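The model is a predicted one.

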Amino acid sequence: MGCFTFVKLMMVLFNLLIFLGGLTLLAMGIWVSVDGGSFLKLLGPFSGQGMQFVNVGFFCIAIGIVLVLLGLLGCCGAHKESKCLLLTFFSIILIIFIAEVAAGVVALAYSSFAEGILRAWATPALKNDYGSDPVVTKIWNTTMSELKCCGFTNYTDFVGSKFEKENGGSLPPSCCWTNSTPCSADEAERSSVQGCFEHILETLKEHANIVGGIAAGIGILEIAAMTVSMYLYCHLDNRVN
């Protein structure tokens, strides 16, 4: 009985941390999305580089909501000793874990396939929406300026695009080493600015140990959460008896 009580307490505390972390992310995401200017004032001299935080406000909100719901589900399931809530918590964590493993396998073993999926999304967006859709334009402008890259593959993603036609054949400034307008296709070809996908791949390879460590840490936490929730689920009948 003492072991059950200890595991139950650990389950509640662990999910309480998840809940509080989710609330923090949710609040920060809302703040950044609604009033990014005042948030950036806190960064002081780093406010110039901090402009990229405005673009991840909605991402923080989405992750925060998921963490809040998971934390609440785990806390309630352990505290109320509800088999239904514990099984639901276990199932959600298991689905997330399987999705992460599947994504990792695809990324490692089928990198060309993953690249094809990303290209199928990125290329039409650059061809048709860049320059006209504010969200797409802001995301790509921030990505290209921060990473010093051009398009998904390279400058050819913008050749024949809606942006090029509306700007008299000029490409985004990031596609030329001079980083100024006008940036013609010929000048972009001579500049040979690397595509963002290749740049991200090289960055990941350089920090493979860090990425792998973070992924392993998340996986261990998820396995621990599933183990504890299933332990409580299986021992609830003995607890009642």
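## Second largest pocket

The second largest pocket holds about 420 Å³ of space. It is lined by 15 residues, and those closest to its centre are Leu67, Leu70, Glu100, Ile218 and Glu222. Helix 1, helix 3, helix 4 and helix 10 (208–240) are the elements that each give two or more residues to this lining.

Helix 3 supplies the largest share of the lining, five residues. Sorted by class, the lining has 13 nonpolar and two charged residues, with no polar ones.

## Disulfides

There are three disulfides in the structure. With the bonded cysteines numbered in sequence order, they pair as 1-6, 2-3 and 4-5.

Cys149 is bonded to Cys196, with 2.0 Å between the sulfur atoms. This link is right-handed, with 85° about the S-S bond. Cys149 sits in the loop between helix 6 (134–147) and helix 7 (162–166), and Cys196 is in helix 9 (residues 196–206), so the bond ties together parts that are 47 residues apart in sequence. Cys149 is buried at 0% relative accessibility, and Cys196 is buried at 3%.

## The other two links

Cys150 and Cys175 form a disulfide with an S to S distance of 1.9 Å. The pair links distant parts of the chain, 25 residues apart: Cys150 is in the loop between helix 6 and helix 7, and Cys175 is in the loop between helix 7 and helix 8 (185–191). The link is right-handed, with 70° about the S-S bond of Cys150 and Cys175. Cys150 is buried, with a relative accessible area of 0%, and Cys175 is buried, with 1%.

Cys176 is joined to Cys183, S to S 1.8 Å. The torsion about their S-S bond is about 80°, so this disulfide is right-handed. Cys176 counts as buried at 2% relative accessibility, as does Cys183 at 0%.

Cys76 is partly exposed, with a relative accessible area of 27%. Cys234 is also partly exposed, at 45% relative accessibility.

## Salt bridge

A search of the whole structure gives one salt bridge. The partners are Glu81 and Lys8, whose closest N and O atoms are 3.1 Å apart. They link distant parts of the chain, 73 residues apart: Glu81 is in the loop between helix 3 (57–79) and helix 4 (83–109), and Lys8 is in helix 1 (residues 2–34). Glu81 is partly exposed at 24% relative accessible area, whereas Lys8 counts as buried at 17%.

Notes. Residues are numbered from 1 along each chain as its sequence is written. This is a predicted model: local features need pLDDT of at least 70, side-chain atom pairs count only at pLDDT 80 or more; totals for chains, interfaces and linings use all residues. Side-chain values use heavy atoms; hydrogens and water are left out. A salt bridge is a side-chain nitrogen of Lys or Arg within 4 Å of a carboxyl oxygen of Asp or Glu. Helices (H or I, at least four residues) and strands (E, at least two) are DSSP runs, numbered from the N terminus. Buried means under 20% relative accessible area, exposed over 50%, partly exposed in between (1.4 Å probe, protein chains only). On a 1 Å grid over the protein atoms alone, a cavity is a set of points where a 1.4 Å probe fits but cannot get out, and a pocket is an open set with protein on both sides within 12 Å along at least five of seven lines; lining residues have an atom within 4 Å of a point. Grid points are joined across faces, edges and corners, and a volume is the space filled by probe spheres set on the points. Ala, Val, Leu, Ile, Met, Phe, Trp, Tyr, Cys and Pro count as nonpolar, Asp, Glu, Lys and Arg as charged, and the others, Gly among them, as polar. A disulfide is a pair of cysteine sulfur atoms within 2.5 Å.
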